[in-house]
Amino acid sequence: MAENYVGVKFEIVRLPEEPIDDPRIGELIRAGRDLSARGFCPENSGNMSFRYVGGFVITRAGSRLGSLTREDFVLVTDVDIAGKKVFAAGDGDPSSEAMMHFLIYAARKDISVILHAHTLDLKGAIATRKIYPYGTPEFARSAVEVLKNHDLAILKDHGFVSVGKTVPDALTKVV
Ligand SMILES: [Zn+2]
């Protein structure tokens, strides 16, 4: 199941490229391989991020979580949901789910890593109640509603979001 994107089309506002030197890039590359090996990331689905100075670093739109490289990570400094703008450093396109990651980081100051991929069969996950089109503010807000009080949410009929303080912390909730 590839992401069938019917959500908000964001304009990407380009900022100067900034070097991202963070050990979590290597950790997410390995986490992506792990999630993919479990069959959680068919085609180019799923996305991952970590909180970083000035915003958060997220996987590129269309990247394959099973075979990520350092070039697949983009720094997002801000998301203007009402104005439909994503502010990103460099020329990579951030995942279309940057808005959801932005809202989760705003709601959960205690976490620094977000993993999203596609399996619905996870123990201990709390599911969102309604189905919303992927990529819409309603979809993102329904995820935040669950994640306010839990670290693992199932987005109804879509996939999961796991959050944690570190990459291993977020990963152990799903594997
Ligand atoms: Zn998804």
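**Note on the fold**

1. The model is predicted: local features need pLDDT of at least 70 and side-chain atom pairs pLDDT 80 or more, while totals for chains, interfaces and linings use all residues. Residues are numbered from 1 along each chain as its sequence is written.

2. The nine strands form an open sheet of mixed pairing, in the order 1-5-4-3-2-6-9-8-7. Strand 1 (11–15) and strand 7 (126–127) are the edge strands, each pairing on one side only. Two strands pair if DSSP finds at least two bridges between them.

3. Strand 3 and strand 4 are antiparallel partners over four bridges. Thr59 is placed opposite Phe73 in strand 4.

4. Arg64 belongs to the loop between strand 3 (55–59) and strand 4 (73–80). Is Arg64 buried or partly exposed? Arg64 counts as partly exposed because it has 17 C-beta neighbours inside 10 Å. By definition, a residue is buried with 20 or more other C-beta atoms within 10 Å of its own, exposed with 12 or fewer, and partly exposed in between; C-beta atoms are placed from the backbone.

5. Of the 175 residues in the protein chain, 45% count as buried. The C-alpha atoms fill a box of roughly 40 × 35 × 30 Å along the principal axes.

Notes. Helix = DSSP H or I, 4+ residues; strand = E, 2+ residues; numbered from the N terminus.
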